Amino acid sequence: MRREFTGKDMATIMVAGFGIVIAVNFYMASLAIGGFGGVVVENSYVASQKFNGWLEQARESERLGYSASLERDADGRLAVTTDGVPASALLTADLRRPLGTPEDMSLQFEQTGENSFVSTRSVPTGRWIVRLAIDAGGTPWVDEVQLR
């Protein structure tokens, strides 16, 4: 014996279907909000006005001919190997998490040998964006790399 499909049955299907869609949307929105650390720039108009200056700074940095590679050593500290950098150069780094809860830290480096430096403290595990700066008394050299 077949049961008749009523308006009540249709209403139940509609409410259940839209309920699932709404629940998924709220869940996805909570994940998106929880994974966003904040704004990239406070004022995009002001940042756009500074863009050409940033490009010129990058060109000046490139003209110095410096290069640096970094990795995490066994103690969790950052080890930097440089090329073309004067011996009197000072290295600093600003680190930030690319995803998730915002977390920033700054590092100082000590020279451990010719063209090699190591941070004075360790870096927690995980992904970081490292903004490495080398200052040898003239134009500062800056590079940004990802550390995993």
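Ser61 counts as buried, at 6% relative accessibility; buried means under 20% relative accessible area, exposed over 50%, and partly exposed in between, with a 1.4 Å probe and protein chains only. Ser61 lies in helix α2. Helices (H or I, at least four residues) and strands (E, at least two) are DSSP runs, numbered from the N terminus. With neighbours within four places in sequence left aside, Ser61 is in contact with Pro140, Trp141 and Val142, contact being heavy atoms within 4.5 Å.

## Model and confidence

This is a predicted model, in which local features need pLDDT of at least 70 and side-chain atom pairs count only at pLDDT 80 or more, while totals for chains, interfaces and linings use all residues. Residues are numbered from 1 along each chain as its sequence is written, and side-chain values use heavy atoms, with hydrogens and water left out.

The protein has a mean pLDDT of 90, and 99% of its residues reach 70 or more; pLDDT is the predictor's confidence in each residue, from 0 to 100.

Seven strands form an open sheet in the order β1-β2-β5-β4-β3-β6-β7, with antiparallel pairing. Its edge strands, β1 (67-72) and β7 (141-147), each pair on one side only. From one strand to the next the twist averages 25°, where axes are lines fitted to C-alpha atoms, for helices over the stretch in contact, and angles run from 0 to 180 degrees between N-to-C directions.

Strand β2 (residues 77-83) pairs with β1 in the antiparallel sense over six bridges; two strands pair if DSSP finds at least two bridges between them. Ala79 in β2 stands opposite Glu71.

In the loop between β4 (104-113) and β5 (116-122) sits Asn115. Its phi is near 65°, a positive value in a residue other than glycine. Asn115 is partly exposed, with a relative accessible area of 25%.

## The aromatic pair

There is one aromatic pair, by a rule in which rings of Phe, Tyr and Trp (its six-membered ring) pair if their centres lie within 6.5 Å; planes under 30 degrees apart count as stacked, over 60 as edge-to-face and the rest as tilted. The pair is tilted, because the ring planes of Tyr66 and Trp141 are at 50°, with the centres 6.5 Å apart. Tyr66 lies in the loop between α2 and β1 and Trp141 in strand β7, so the pair ties together parts that are 75 residues apart in sequence.

Both partners are buried: Tyr66 at 14% relative accessibility and Trp141 with a relative accessible area of 6%. Trp141 is also one of the residues in contact with Ser61.

## Salt bridges

The count comes to six salt bridges, each a side-chain nitrogen of Lys or Arg within 4 Å of a carboxyl oxygen of Asp or Glu. One joins Asp9 and Arg3 (3.1 Å, N to O). Asp9 is buried at 18% relative accessibility, whereas Arg3 is exposed at 65%.

In helix α2, Arg59 and Glu56 are three residues apart, separated by about one helical turn, and their side chains meet in a salt bridge (3.3 Å, N to O). Arg59 is partly exposed at 43%, as is Glu56 at 31%. A network of salt bridges links Glu56, Arg59 and Arg63.

Another salt bridge joins Glu144 to Arg131, with the closest N and O atoms 3.2 Å apart. This pair links distant parts of the chain, Glu144 in strand β7 and Arg131 in strand β6 (residues 128-135), 13 residues apart. Glu144 is partly exposed, with a relative accessible area of 38%, and Arg131 is partly exposed at 41%.
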